[in-house]
Structure formats: C-alpha cells, structure tokens
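Hello,

I am passing a structure on to you, and I hope you enjoy looking through it. Please open it first and keep it beside you while you read.

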Amino acid sequence: MAAESTQLQQAQLAAILGQDPAPFETLISHLMSSANEQRSQAEAIFNLLKQNDPNSLALKLAHLLSSSVHLEARAMATILLRKQLTRDDSFIWPQLTESTRSAVKNILLSAIQNEESKSIIKKLCDTVSELASSLLPDNQWPEILPFMFQCVTSSSPKLQESAFLMFSQLAQFIGETLIPYITDLHTVFLNVLNSSPNPDVKIAALSAVINFIQCLSSSNDRDRFQDLLPAMMRTLTEALNSGQEATAQEALELLIELAGTEPRFLRRQIVDVVGSMLQIAEAESLEEGTRHLAIEFVITLAEARERAPGMMRKLPQFISRLFAILMKMLLDVEDDPAWHSAETKDEDAGETSNYSVGQECLDRLAISLGGNTIVPVASEQFQAYLSAPEWQKHHSALIALAQIAEGCSKVMIKNLEQVVNMVLNSFQHPHPRVRWAAINAIGQLSTDLGPDLQVQFHQRVLPALAAAMDDFQNPRVQAHAASAVLNFSENCTPEILTPYLDGIVHKLLLLLQNSKQMVQEGALTALASVADSSQEHFQKYYDAVMPYLKAILVNATDKSNRMLRAKAMECISLVGMAVGKDKFKDDAKQVMEVLMSLQGSPMETDDPTTSYMLQAWARLCKCLGQDFLRYMSVVMPPLLQSAQLKPDVTITSADSDDEIDDSDDESMETITLGDKRIGIKTSVLEEKATACNMLCCYADELKEGFYPWIDQVAPTLVPLLKFYFHEEVRKAAVSAMPELLRSAKLAVEKGLAQGRNETYVKQLSDYIIPALVEALHKEPDTEICANMLDALNECLQISGPLLDENQVRSIVEEIKQVITASSSRKRERAERAKAEDFDAEEGELLKEENEQEEEVFDQVGEILGTLIKTFKASFLPFFDELSSYLMPMWGKDKTAEERRIAICIFDDVAEQCRDAALKYYDMHLPFLLEACNDENPDVRQAAVYGLGVCAEFGGSVFKPLVGEALSRLNVVIRHPNALQPDNVMAYDNAVSALGKICQFHRDSIDPTQVVPAWLSYLPIKSDLIEAKVVHDQLCSMVERSDRDLLGPNNQYLPKVVSVFAEVLCAGKDLASEQTASRMINLLRQLQQTLPPSTLASTWSSLQPQQQLALQSILSS
C-alpha cells in the first residue's frame, strides 16, 4: 500500500511540475481551501516539493506570481515565495542554483513593474525586501538598489510608491547598508515630499524617511534630515486640507512612531510640530479618530522620557492647551437613563469614545510630566469648570482630578486641604452624576494620596461617604460610596477606622439587603476591606454580619448573581482572617461545604467564581492553618488545572490588514513582537496568575504539610519562571521556589516524606536552582530580577550545602552578568541626565530607577554572603574571580549602598574564612579603615563591624593597624550625634569592635586607658545581636577578675554593676539567657565577698528603679 501511495504522489508531483501551469495553480488554491482535508493534502505535497526540488518550486511560484490571471493565486504565490525566502527554518535560497536565483530576482523586479493590483504590489515589495535584506549585506544583489533609485525618480507613482515601501522595510531590516547612500536618499526624500502630487507616494516616502531616521545611530546623520521635517508635517496638513482623512491618519501613525523612538529629532522644531498637532486636536470639523491620533502624538512625546527627558515640560503654553482639550473631551458624556437604573451591564452608560480617550490621556499626561507641571494648569482650569452652571463641567473637573492624582500625588499631598475641599463640596451637588464623580474622586485619592489623606481628613471623608450611602434614590451613588469606603480603608490603620465602624458596618448591612446587585456587590467588597483593615476590632460585628454573608453564598445561585456570590466568598474569607480561627471555626465548616460543592460543579470559562474561589480557599487556609490540610485534596486538583492553563494566544503578522478579531474585546490584549502581532486573552492570564499565587500561599502556610503536592507543583511552576506573557505569573513562580524547597526539607527532617531522604531534597534543589539561574539570565524586568535573586538566596540558605561545584560556578557567572547589566543600565541613566532638557523632576524619576537598581545589588550581596557562609574557604577561588567586579564597588564615585554591600561581602569573607582570608587584608583594610568615617551611617556600620571581625581573626596581620583602628573607632564613638537613631547602629558596632581589640590585641594598646573607656560606653542597646556578644564578653572579663576592667581598688566595679543592672532590667533583649544567669551569679558572689561599705556605695550609684529590679532578681 505504502508503495502505491508513493507512486501516486510521484505522479502528482510530475503533473504539478510539468509544462502546464494549471495543476500547480490548483495546488496553491487548495492551500487556501477551507476544507481541512484538502488543505492538509496540499500542504503535504507542497512540503514534499520543497524538500525534493526547491529549484522547481521557486521557479513555479515566481512564474505564478508574474503570469496567473487570478488575483488570489498571484497574491498567494507572492506570500509563499516570501516565506521560502525568509531567513528561518524554511529558507531555501542556499539550495537554489545560480540560474534559479537570478531568474527569481529578475521575475520579482519585473513583476513589481507590471503588476496592477495595489495589494499585490505591496506583497511583492515585502518579498523583495525580505530577500534583499538577506543578500545585500554580502553584496549578492547588486542590481536592487539601482533599480529602487530608478523607480523613485520615474514618472510612475506606482513605481515610486513601491520603491519607498522597499526603502522603508530595508531601513528597518538592514539600515546600516543604506547609510552610504544617505546623501542621495536625502535628495530623493526632499524632492518627493515637496513636489509629489500623489498622497500615496508621499505616505510611502514619509514611512521610509521615518524608518531611515530611526536606523541612523549618529545624531549628526539625523540632523542632516532636519530640513525634511516641515515637508513631513505638510504631508499631514495637506491631506487634512483636501479632506483625505484616511491618509492623514496614516501619516499621524507614522509620526507617532517617530515621536516614540526619536523624539529629539523633533526638538528643534518642537513648537511648530506640537502647535500643528494641537490645532488638529482642536478642530471639531475633523473625525474623532484623527483628533485622537494628534493627541496621542503629543502624549507620546511627553512619555518619551528615556530619549528626551524633560523636553515637553519646557512648553507650558502647550500643556495648558492640551489639558483644556482633554477636559473638553470629558464633557462628552450623556445623561443616559440606563445610568440611573444601576444595572451592572450598563457600567459605562452615557460615556463616549471622547470621554474614555480624555480619561486615559489625562492619566498618562500626569504620570509623564508630574505634579509640578500639571497641578498649576489643572487648578486654574478646574476653578473655571467648577464655577460654571452645567453639571457636565463639574463632572469633568472631578473626573479629571481623579485621573491626574497618581501622577501628581507628591504635589497634591502638599495641597491636600484644597483638593479635599474641592471634592467634598461637590458631594452636595444636585446632579447624581456629579455626586458620583465626587465619590469616585475620593476613592481614587484614597489610593493615590493615602495614607496622608486618611490621617488628615478621616473626620470629614468618612461621614461624607456614610451620608452618600443613604442616597436610596440613586443606587449607583450608594454603590460607589461603598466602593470608596473600600479604597479609603485599604490605606487605613485600625486606630483611624475603629471609631467609625458602628455607623459604617450598620449602613453596609442595609445595603447588602438592597434589591440592586450593583449596590450589594459594592457593600460586600467594602465590608471585606473594612474587616481586613480593622482586624480583631471587627469581632464585635461578626455575629451580625456573617449570617447575611452565608445567606448570599447559599442563595445566589443564579447565573446573573455569579459575581455577587464570588464577592460573598471574598468577604467571608477576609472576615474570617480578620477575626481569627477561634471565632470563625464553626462557620468555617459550613462555608467549606458550600465551596466544596461549588468546586465540583461545572463552570463556564468566563465565570468569575473560579478566581474568587481560589483566593478564598487560600485565605481560609491562612486562617485555619494546619486544620486546613483535610481540604487540600479538594482544593488542589482544580488549582493545579488553573495554574496549568495555556495562554489563549492568537498570532497574526504585524503588517496584516486583518486586525485580530474582536479587537474591541476588552479581555484581549495585543502586543507586537518583531513582525508578529500577538493577542492574548487576559482573563485566562489573570486566573493563571491567581492560581500560581495561591500555590505559593499554601506552600508558605502549610510548610511540611504541603509535601504531598510538591511533585505536581514543582513541574507546573518551574517552567513559569520564564512565562513572559504575564509578570504576575512569573513573580508568583519565583516566590514559590524557596517555599517548595523548604517544605520538602522540613518534611524529610520530620520524617513525613514517605521514606524519602536528603537525596530527594537534592533532586528538587537540582531542578529548581539551575532553572532560577537560567530564568534570571533572561529576565527583562529589573524588579523581577531582584525578586529572583532574593528567591535564589533563600533557596541557597535552605539547600546550599547540597550544591556541586558546577552549580556554584553557574551562579557566580550569573552574578557577573547581573553586575555588568546593572552597571550598563546605570550608565544609560547617567547619559540621560546629560540631555538638554533634563530637569529636577526627571532627576527624581531617575533616583527612583536607581533605587530599584540598588535592590539588585543588595540581593547580589546577600547571595554572596550566603555562599561564603555555606562553603567558607572553598568559595574563595570564586571570590577571586569576582574581585574585578566587586572592587569597583568600593569606589568613592559609587552610591553609599554599593559601598556598603562591597564592605559586607568582605566582612563575610573575613569572618567565615578566618586564616584563609588573611591574604585579602592588604588590599581591603585601607578601604575599610577609610570607610569607618564615611558620611553614610550604614557604610560606617558595615566598616566598623568589619574592623571588629579583622581584630578577632586577623592576628599578626591586623597588629600593625591597631593604632589607626582605635582612632577611627574613636571618631565614630565620640561623635556628638553618635546616639541619634541614624547613627546608633554604627556606634554599637564600633563599641563592639573596640571590645574585640581589647580582647585580642591587648598587648598593642594601653589597656589601663582603653579598657575602662570601652566599659564607659556600655551597655549598647540598639544592635541586639552585637549587644549579646559584647555583654557576654563583659561577663567573661568580670569572671576572670580582669584587672584593667575593674581598675585599681575595684574603682570601676559600680559601673560594671550598673551595666549588669541595665542589661538584666531589659529582659531578653540585651543578653542571652545564659549570659543573664552568669551575671546574676556574679552579682550574688559580689554580695557575699565585697566589704559592706563598697557594696553600699555600689548600690547607691544605681537609679532607684534599678535597685528595686535587682533586689527582686537577686532574691528570686
């Protein structure tokens, strides 16, 4: 049979490759067939052709695209040829003979000249550009550029447009090969933009210019194109003046791209360019789409912070115009009756596309320009709007205020009173939509300006919200007031909230019984948040609230009530966590029963219950602790299923005309990667992220109890360390790694691992740690890099000793990478700070980015500390490799945090590797001594701690430096502000280091001076770790009757006793239990051995309450 089918295929192939073009054309048409079987047969034959006879295939496709009478066949042949000539797995060019190659090139170029269909010409240009981008760098298609220049200067607009389409793509693919022709291109572009009457040619030229400018790396080269900018802008204005808005919109989209990637190209003519854009945005005769694009252009410039920081802030007159345009767009809101009926499905009733674009752009504008620029403009325009009679203007001002709060928070917090007055005055406005907008603003401000708003104005805001909950005429206003209570309480301490609880909980219970679902849902989320924020203070309301919540959970079974039931789950689980296990446990059983029965019932994919249920289970687990274990077998299978969800992805090519279906579907998010457009269903990703977070919660809460699930959870989460579609999924997977290892280790240690031993922990560690290292290598986001380093450090603390040398090596290599990448990001930022328009606000933002970077360095220090503690001297060869990365961190030009980290790493080496570390003292000690007097207290603390370590373990190598060490420590200890909160940790560590010098280098100091000085600085009370060490040392010295310590005639004994008294009165903080009992024994001995007169004078030197405390301690 197999032989027959092969014969059949051979016959088909022979026909398809024969003289008659029809069979081949039929094959190509079958490739487009909607019938699956026909299509897959055609694909099989096509792939066979490609393997057996690529030359004939290429020639057949070329022949078809140049001579078929059918449009679809020519289009399909062009696309297929492009795919064969794209440099990827299916690239057939290397297999083609020289004569096929030259035939294909010639046919393509003549097809561009002869083809009449615009859409096919575009596809031909794509195919030519694709091939040329592979061949031109090695000069394998010398005819192509002359052909393109010839087309550009021809009299045929069709050929001109084709050439620009190709230039545009080549500039994107292989821009550097075009740079030698920069002068000719400049001339061509200028001529066409200035004199071509054809709009299509001009748009193609505009696209080519913009792509070319983006591929020029030198600013001098870019500046040569400055004189094209007026002509580029004219392309846009002429299209608008002649009513060709579609063309204008294409031009705008191209200019927006330029604004995003090369904003500085626009800088010299910024006033004209932005002025024209605002004119377009203000022109009411134009289509909304056109005006929105013009606004998008200006906002894009404002957002181009990395490339042109501060540029737009230099144009205040434009910002005020833009703000006015956006405020006016917010007026486009209708008083739709559906809004008042408050049905959940009419969430956005009366809102228009202008309204939503206005909202989004105000938010982006404020975030990109900041409060110092926006607040003065806003407050001027708000006043005008709020004093106008129309409700829409009041509404607009309040909505705008809520939108700009995030970006302007720092400035608004300084003027809180004005802001709060403005909003609360509108709580009384006659129009419910204005009252709604005022409540909305309070909710947003509670989030963006909290906790300042809560602390300063709770006594005005909470009563206003409570009153709004009584607006039974307007259920939507009531629901929103409840939601604002949620925002307010999220940023609120129990102390602020508690006095209002009686009133608020009472009103929320009333709203729970409202007939409108929107109101009930608002009340549920508010109750949940209030419980979460007031914690145990919520206990007194529990008995009143819980029956209502359970009733909703049991009765809201209808599809239309799905969200209500989901919110009831959330509320019950948060209330349970707030009041604690003892109060909740009886109801918990019932709630669990309901959740378990729901868990078993089938649900639709868009049912919100799933994700709410996943979170409720995890909260119940936190509340019940180990009592939750018996429910795990019900909870885990669906949770794993959600965590394993595949992202729902559609991929199209970025330049394809067919947008992803349902592009207005809010649950789809599109990202463009290279030449692909990827659409992802966000609801799936959110459920996946929630599930991953919950897995992490269970592992964290149940510890060894989570052991039975590790074998399923680890293979689910480890691959998600590289899940680039969604940051939350990656973050959750990262946090779970140490939890899984800890659970496994505890289970093995406690004998709960079904007979598995340490080998199992090693296998898990061998699976997790390399995966984390590899994911770290590819992680694009700085914050997640820091999380990964943190997780890696925790994993090393759990299973570090199980690592082999190669694993350690790969971690060290990755640390080198991390340091290098971080340094280059810092260099880029330093470059940005040199930009012409760089200003104070940019400086602030830069500072925040650099702080994020320090988090990365911090974690690097922690990991190296852990590796040094784990492997001690055997880690030193790696430390030597790293020294060229770490030594620069000691430099004066580095931030304090970097210097502190470098010092801590050396401290760890000296402390853990002892004699093996002596070889590093020469190099590091001069830096360490200098750092003892650094202006930053954290650096000082790390340095003086290091001196103590070197004094303890440095022996003869440290001896010559004792004198200098003493004077450095002296400066720290005797500083007039040494005991202020910022400096006291450095002080305590300096005192501890001084003690070590007394202990290990007494022969190099004058002990009669230094030891009593050390005693006079005791006790130390802030660094509780050092306090225990130092006070133990003091105890040992008294036990051996250290002469220098007690002084001639025991004159320092009263000081010793008073230090003991202070230490013992402080409870367990300042000394270990062992040290404390030794101190008590010493005091009892003194009572028995000292002459009564000495004893009496010693006692009398103590404060009265110390005397009392000591008496009770000694007599017990």
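Below is a short tour of what was found.

**The chain as a whole**

Please keep in mind that this is a predicted model. The protein chain has 1116 residues, of which 54% count as buried. It contains 55 helices and three strands. Taken along the principal axes, the C-alpha atoms fill a box of roughly 125 × 75 × 75 Å.

One stretch carries a label from a record: an unreviewed UniProt entry annotates residues 42–114 as "domain: Importin N-terminal". In the model, that span is 77% helix and 0% strand, and its end C-alpha atoms lie 29 Å apart.

**Aromatic rings**

Next, the rings. The count comes to 19 aromatic pairs. One of them is formed by Phe 628 and Tyr 698: the ring centres are 5.8 Å apart and the planes meet at 15°, which is under 30 degrees, so the pair is stacked. This pair links distant parts of the chain, since its two residues are 70 residues apart. Phe 628 sits in the loop between helix H33 (609–624) and helix H34 (632–643), while Tyr 698 belongs to helix H35 (residues 682–702). Are these two residues buried or exposed? Phe 628 has a relative accessible area of 0%, so it is buried. Tyr 698 is buried as well, with a relative accessible area of 0%.

Elsewhere, ring pairs join Phe 164, Phe 189, Phe 212 and Phe 225 into a cluster.

There are also charged side chains over rings. Lys 688 lies over the face of Phe 723, at 5.1 Å from the ring centre. Arg 756 does this with Tyr 760, at 4.1 Å from the ring centre.

**A pocket and some cavities**

Do have a look at the second largest pocket, which holds about 950 Å³ of space. It is lined by 34 residues, and the closest to its centre are Arg 305, Arg 832, Glu 841, Leu 845 and Glu 849. Several helices give two or more residues to this lining: H19 (353–369), H20 (371–386), H22 (409–414), H40 (805–832) and H41. Which of the elements gives the most to the lining? That is H41, with seven residues. By class, the lining of this pocket has 18 charged, nine nonpolar and seven polar residues.

The model has three cavities of 30 Å³ or more, and about 80 Å³ of space lies in the largest cavity. Its lining is made up of Val 1057, Leu 1083, Leu 1086, Gln 1087, Leu 1090, Leu 1095, Thr 1098, Trp 1099 and Leu 1114. The elements that give two or more residues to it are helix H53 (1073–1089) and helix H54 (1092–1100). By class, seven of the lining residues of the largest cavity are nonpolar, two are polar and none is charged.

**Backbone details in the loops**

The peptide bond from Gly 450 to Pro 451 is cis, with omega near -5°. Pro 451 is in the loop between helix H24 (432–448) and helix H25 (452–468). Another cis peptide bond joins Leu 1018 and Pro 1019, with omega about -5°. Here the proline, Pro 1019, lies in the loop between helix H49 (1007–1016) and helix H50 (1024–1039).

Lys 872 is placed in the loop between helix H41 (840–871) and helix H42 (876–886). With a relative accessible area of 37%, Lys 872 is partly exposed.

Asn 1050 is not a glycine either, yet it has a positive phi of about 55°. Its place is the loop between helix H51 (1043–1046) and helix H52 (1053–1065). Asn 1050 counts as partly exposed, at 26% relative accessibility.

Key
Residues numbered from 1 in each chain as written. Heavy atoms only, no water. Phe/Tyr/Trp six-rings, centres within 6.5 Å; stacked < 30°, edge-to-face > 60°. Helix = DSSP H or I, 4+ residues; strand = E, 2+ residues; numbered from the N terminus. Buried < 20%, exposed > 50% of the residue type's maximum accessible area, 1.4 Å probe, protein only. Lys NZ or Arg CZ within 6 Å of the ring centre and 35° of its normal. UniProt positions renumbered as here; feature names shortened; annotations may be inferred. 1 Å grid on protein atoms, 1.4 Å probe; cavity = no way out; pocket = protein on both sides within 12 Å on 5 of 7 lines; lining within 4 Å. Points joined across faces, edges and corners; volume = space filled by probe spheres on them. Nonpolar A, V, L, I, M, F, W, Y, C, P; charged D, E, K, R; others polar.
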